[in-house]
Amino acid sequence: MELTEIGFDHIPTGPDRDRRISRAQATRRMGSKIPPPYPNGWFAVGESRELKIGGVSAVDAIGQNLCVYRGEDGIARCVDAYCPHLGANLAVGGNVCGNCIECPFHKWRFGENGACVSVPGVENAPKGVSIKQWPTVERDGAIWIWYDAENRPPMWNIEEVPELEHWGYRGRNEFIVSAHIQEIPENGADVAHLNAVHSPSLVSSLGEKYPLLYDLIGCHVWSASWTKGDDHTASMTLTHDYKIMKCHLCHIDVKVTQIGPGHVRLFMQSPVGPILVSQSVTPLAPSLQRVVHRMYSPTHNAPLAALLVKSEGAMVSIVGLRGERIGAGPGRHRGLGVSRDDSRPV
Ligand code: FES
Ligand SMILES: [Fe+2]
């Protein structure tokens, strides 16, 4: 479903409406005190299962043009897209040779640490020629790279989730959000909006239209509290109930951990078993984010996890259509809603 019109209801229908919306987005006032659009941290640049051995992927994100590839040793690596020789794009026609990436233009090869290891027709590769290699790790089904504005090494490692050795992947939702990256975790920390925006039933909107039906149809009830962790983490405990009349059904406890600016893990304990939702937020532009939710669960709980994939996509879409604003503080631009719901089948 295309949701690019969210927040631009004031632009009248017409053949050039899409162009006018694009122009309105481009001219949005950014304010003079916005935080860095690309903060330091780990950012997801692809899905692990989609990058096979020998595969090459072009990624444009975090203000960078990148080439992500998987060597014969099975390790995913990420280098700058542009070759230090004459600037060809390694991600467009580049080949994986062993664990090296080979440029399509003159076939220079760059090894595991980014150094040039061979040049056709030359006995010794030129010394001191290399391509920037980005710290890369695979966690929660995604490939993450470390971005640091001052090129420092990673300040933390992403720990593995032991449960994922046994749990299965149940699907993902992807949303393109028109907002500064800081607004995404701030929206999560804004616990007051949960009951204001996410209370109406996903089952039916009749309760909103006809207040007499509201108690019969029921609504979602949330409570949450945040605590700050170490330098790069914060955690939230969240509870959800579905309330019909005076009955509280479907109680779910959620332990949320924000890990740096671009990663959140939500461990849910539902009546029928646990689910992990791993969220990644990757800045595609200063005020454009790709938000992906990947769901995992034990086998016995797969149907609920699959339902969560679908209902979460629906909830974000509905909320987007209702016009939930993601952040609108003074001096900040007004990030707005969801522009694409790209949920995939389980
Ligand atoms: S541009 Fe890459 S090898 Fe020449
Ligand atoms: Fe929300």
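Reply: Let us begin with how elements are named: helices and strands are DSSP runs, numbered from the N terminus. Please note also that this is a predicted model.

Me: Which strands contribute to the lining of the second largest pocket?

Reply: Strands E1, E2 (56-61), E12, E17 (273-285) and E18 (288-297) each supply at least two residues of that lining. The second largest pocket has a volume of about 360 Å³. It is lined by 21 residues, of which Val45, Gly46, Glu47, Glu50 and Arg290 are the closest to its centre.

Me: How should I read a salt bridge, and how many does a search of the whole structure find?

Reply: The general idea is that side chains of opposite charge can pair when their charged atoms come close. In this model, the search finds 14 salt bridges. One of them joins Glu47 to Arg172, with the closest N and O atoms 3.2 Å apart. Because Glu47 lies in strand E1 (residues 41-47) and Arg172 in strand E12, the pair ties together parts that are 125 residues apart in sequence.

Me: Is Glu47 buried or exposed, and is Arg172 buried or exposed?

Reply: The cut-off for a buried residue is a relative accessible area under 20%. Glu47 has 7% relative accessibility and therefore counts as buried. Arg172, at 3%, is buried as well.

Me: Which residues are linked with Glu47 and Arg172 in a network of salt bridges?

Reply: The network links Glu47 and Arg172 with Arg49, Glu174, Arg290 and Arg294. Two of its members, Glu47 and Arg290, are also among the residues closest to the centre of the second largest pocket.

Me: What do other salt bridges look like, for instance those of Asp16 and Glu102?

Reply: Asp16 pairs with Arg19, the closest N and O atoms being 3.3 Å apart. Asp16 counts as partly exposed, at 28% relative accessibility. The side chains of Glu102 and Arg109 meet at 2.9 Å, N to O. Here Glu102 is buried, with a relative accessible area of 9%, whereas Arg109 is partly exposed, with 30%.

Me: What does the side chain of Gln258 reach?

Reply: A polar atom of the Gln258 side chain lies 2.8 Å from the backbone oxygen of Gly260. Gln258 is in strand E15 (residues 247-259) and is buried, with a relative accessible area of 11%. Beyond its neighbours within four places in sequence, Gln258 has contacts that include Pro185, Trp226, His232 and Val264.

Me: Finally, how many disulfides does a search of the whole structure find?

Reply: A disulfide is a covalent bond between the sulfur atoms of two cysteines. The search finds 0 disulfides in this model. For Cys67, the nearest cysteine sulfur is that of Cys78, 7.4 Å away. Cys67 is buried, with a relative accessible area of 0%. Cys219 also counts as buried, at 11% relative accessibility.

Note on methods
Residues numbered from 1 in each chain as written. Chains lettered and ligands numbered in written order. Predicted model: local features only at pLDDT ≥ 70, side-chain atom pairs only at ≥ 80, totals over all residues. Heavy atoms only, no water. Disulfide = S-S within 2.5 Å. Buried < 20%, exposed > 50% of the residue type's maximum accessible area, 1.4 Å probe, protein only. Salt bridge = Lys/Arg side-chain N within 4 Å of Asp/Glu carboxyl O. Helix = DSSP H or I, 4+ residues; strand = E, 2+ residues; numbered from the N terminus. 1 Å grid on protein atoms, 1.4 Å probe; cavity = no way out; pocket = protein on both sides within 12 Å on 5 of 7 lines; lining within 4 Å. Points joined across faces, edges and corners; volume = space filled by probe spheres on them. Polar contact = N/O pair within 3.5 Å; in protein donor to acceptor, adjacent residues only side chain to side chain. Contact = heavy atoms within 4.5 Å.
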